[in-house]
Amino acid sequence: MTDSTHNRIGGGVFFAPVIQGRTVHLTLPDRRDPVLAGLPRQSSAFVGRETELDRIHAALNPASGDGAAGTVVVSGLAGMGKTELVLQAAHRALREPDWFPGGVLFADLHGHDKRGKGSVKRALTTLLRSIGVPAEHIPPSTDERAAVYRSALATLAAAGRRVLVVLDDVPAGDGVRHLLPGDKDTATLMSSRDTHGDLEALAMTLRQLPAAESGQLLTVAVHAALPGDHRTGKESDETRQLATLCGGLPLALRIIASLLVDIPGRPLSDLRKAMADAHSRLAALSRDERAVTAAFELSYRRLGKKQAQLFRLLCLSPGPDFSTECAAQLYGESIENTTRLLQDLARRNLVESQEPYGRWKQHSLVRLYSNERLRSSGDEWGTGLMRLFVHLHKTATDAVDILLLPEALRSSAKSRFSAPATAMHWLEAERQTLVAAVLWSHRVKDHPVCLALSIPTAQFLREAHYVEEASWTLKAGIRSSRKLRDRLYEASLLSAMGIVLRDMRKLRKSVRAHSKAVRICQDLKNRDALASALNNLGLSLHEQRRFDEAVAAHTEAEALYRRTGSLWAAAQALSNTGETLAAAGRPDDAARALRKALKIFQKQGDLRGYAQTLGSLAKVTRDKGEAEKAVDLHKQALDLNDGLLFPHERATELANFGASLALSDDFGAALAALREALATFRHMKDRRGEAMALGNMAMARQRQEKWRKAVALHTVATEAFLDSNDDHGLALELTSLARSLLMQGRNTEALKNFDLAARLYDSVSDIRSADETRVIAEQVRKRHAVVSRSVRHRA
């Protein structure tokens with residue numbers, strides 16, 4: 001037993017005080033030095049991060065892996081809760097018996113301290129003193145101190161006194177290697193704003209807390225100081241909004257909690273109002289010397305000149321994330337140079353790499369800080385922003401042309417997109433950026449930019465069935481066109497708005513928008529524009545079941561297109577005519593119109609138009625009782641459209657294909673197609689499409705005589721039709737539901753549904769269907785009455 005430290009040095013010839021010998025032996029005291037239990041206190045207000053804690057715990061477990069000690073690097077943005085997570089994990093590991101009998105060494109390296117207090121050399125001094133090495137025995141150079149430090153840790157481990165080393169706020173650079181143990185038994189846990197991807201350690205990057213955990217942290221932090229305080233529960237909506245405004249950043253949430261604790265009577269709504277304005281939000285997130293801005297400032301000060309310049313410009317990106325290409329447009333440098341700078345910022349956690357690789361994101365509060373730095377820097381940023389908007393307009397126009405126009409009608413300029421699929425991928429990736437660019441340019445009254453961007457953006461959104469975003473885009477574009485007194489573009493955008501309103505089932509507003517567009521085109525005497533407006537008007541008249549008027553509009557559009565030589569557009573009008581004739585109960589006329597359209601699309605080289613029209617012809621063929629022929633046509637349409645269809649278009653074709661397959665009694669294939677369609681409609685939150693797919697699935701179950709499943713599916717479909725404001729679709733579904741209920745002997749329920757369906761048919765002027773439904777209902781009543789009398793008589 002010993003209670004003091006003795007050194008015995010052997011090997012070599014010594015003529016002066018020994019600085020380093022060949023062999024160093026340390027005999028350590030049996031007691032644990034109190035400093036080795038000097039880990040800072042963990043917070044009682046800690047929420048979430050269970051997955052991260054479990055991963056760290058597993059890495060520190062001496063029994064895990066190959067027996068080698070774990071090194072864990074926890075990195076993340078300033079204020080993301082790295083230090084607290086490390087402390088929680090360290091305290092948890094120290095409670096495990098026999099994991100770290102030697103205790104813990106803790107050092108705060110102040111890696112981002114503006115006073116420059118931190119250095120590896122100073123940290124080594126602190127750690128060596130904590131171990132018990134006298135000051136006079138600590139060598140002067142960093143390398144020598146590191147050698148003694150590693151030797152001491154190895155000796156402790158060999159003596160059965162394994163130590164956990166915790167290093168907080170470690171700066172970037174290779175200096176940290178001096179602080180890493182050299183033996184395989186001593187574990188290290190470190191936090192840093194930099195990723196330190198070269199350390200061969202378990203790397204963990206902390207991101208913002210989810211919304212629920214953010215609100216919970218705010219509540220727990222307030223309750224820790226004021227146990228009886230119930231403001232976060234009583235003002236739950238305000239709590240959620242505050243958590244959102246804090247962007248899930250633990251530092252911001254803890255500052256908010258402190259401000260609430262300071263004044264127990266302060267409502268959360270008051271704090272939320274102080275933070276609502278983006279320009280003052282960072283100022284509101286401060287208390288004494290603790291501030292989000294100050295934390296970000298320490299990271300910003302360590303950036304190089306080019307890194308800092310790009311960091312400031314990134315706040316100009318209009319969308320929630322951005323591509324490397326868009327960042328390069330803002331910065332005015334090559335993609336290669338911009339990529340290197342973005343990677344530098346990502347290593348410092350000032351931007352986040354997104355999936356797929358090549359997209360990036362700034363935390364919401366970092367973006368506000370970036371904007372503050374830009375405004376105070378004097379940088380010229382207008383040129384970069386305009387360069388970005390020109391890039392977005394040019395590329396979006398190119399992508400939309402590739403998707404929507406046959407090759408003969410596209411611009412003569414070489415496209416950057418090799419195929420429709422690549423164009424679709426770009427548009428989907430930049431969708432939110434395009435919408436945000438339109439809305440931003442309108443908000444700052446840059447009407448030429450707003451109008452230019454709104455046209456290709458709205459075309460894509462409309463075709464892809466992003467109806468809400470399309471509506472926002474078109475409203476901004478229409479207002480800007482009016483400010484610029486550009487009536488032709490106003491008419492084009494009004495016509496597009498009519499289509500979107502139709503898809504939103506706002507049919508009266510849709511017809512009004514189309515009618516305005518038609519009047520403007522008539523005033524301008526522009527035949528092409530008038531033809532387009534009439535063709536689109538016909539689509540909405542069709543949905544209102546004003547079939548004769550719809551056919552007239554499509555027919556007039558076709559004639560105008562032919563006069564101007566736009567045969568491709570004339571084929572579109574013909575195809576629409578065919579669909580309307582089919583809905584009006586004229587299948588033979590419909591088939592003739594659709595076949596004419598097919599011939600034109602084929603001559604024009606428009607595979608997408610050809611495939612869509614094939615699908616329409618398949619529906620007509622099915623309704624004529626030729627289900628097997630319809631299936632073949634659907635297959636051709638789907639095969640031709642591979643890679644050409646928007647997801648929503650493909651889902652619609654699959655739903656119709658499934659219905660034809662069911663009528664052919666191929667139930668397995670039918671249900672597979674309908675399930676795929678249903679998944680797409682649900683993903684896109686299209687309740688009407690969902691109702692159609694569910695209704696077709698129910699009809700397949702009817703043909704299988706699986707009445708219980710049919711009733712269940714019809715019931716869900718009616719709810720979806722009700723949500724989508726499609727009264728005629730709802731009436732059809734109620735009729736089908738009533739038929740399935742009859743087969744289960746549920747006559748009373750069936751009659752209620754027949755009656756409701758008949759009233760709905762009346763409301764949409766489908767008198768024939770209303771009369772047919774009432775006849776069926778009356779037959780059911782009579783049969784039900786006979787059965788009832790028979791039952792009473794036997795009784």
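I started at L164, which stands opposite A187 in β6. The strands β5 and β6 pair in the parallel sense over 4 bridges; two strands count as paired if DSSP finds at least two bridges between them. Strands here are DSSP runs (E, at least two residues) and helices likewise (H or I, at least four), numbered from the N terminus.

Before going on, I noted that this is a predicted model, where local features need pLDDT of at least 70, side-chain atom pairs count only at pLDDT 80 or more, and totals for chains, interfaces and linings use all residues. I also noted that residues are numbered from 1 along each chain as its sequence is written, and that side-chain values use heavy atoms, with hydrogens and water left out.

Next I checked the partner β3 (residues 71-76), which pairs with β6 (residues 187-192) in the parallel sense over 5 bridges. In that pairing V72 stands opposite L189, and S75 stands opposite S192.

Then I asked how many residues of β6 are buried. The count is 6 of the 6, so β6 is largely enclosed by the rest of the structure. Buried means under 20% relative accessible area, with a 1.4 Å probe and protein chains only. I see A187, L189 and S191 pointing one way from β6, and T188, M190 and S192 the other way.

Zooming out, I get an open sheet of 5 strands in the order β4-β5-β6-β3-β7, with parallel pairing. The edges are β4 (103-108) and β7 (202-206), each with a single partner strand, so one side of each has no neighbour in the sheet. The twist averages 15 degrees from one strand to the next.

I looked at what lies across the sheet. Helix α2 (residues 82-94) lies across β3, β4, β5 (163-168), β6 and β7, at about 165 degrees to β6. Angles run from 0 to 180 degrees between N-to-C directions, using lines fitted to C-alpha atoms, for helices over the stretch in contact (heavy atoms within 4.5 Å). Helix α3 (residues 120-131) lies across β4 and β5, at about 155 degrees to β4.

Last, I looked up the second largest pocket, with about 1,300 Å³ of space. A pocket is an open set of points on a 1 Å grid over the protein atoms alone, where a 1.4 Å probe fits, with protein on both sides within 12 Å along at least five of seven lines; lining residues have an atom within 4 Å of a point. The volume is the space filled by probe spheres set on the points. Of its 44 lining residues, the closest to the centre are G79, T83, R193, L251 and R290. The largest share of the lining, 6 residues, comes from α8.

How values were computed: Buried means under 20% relative accessible area, exposed over 50%, partly exposed in between (1.4 Å probe, protein chains only).
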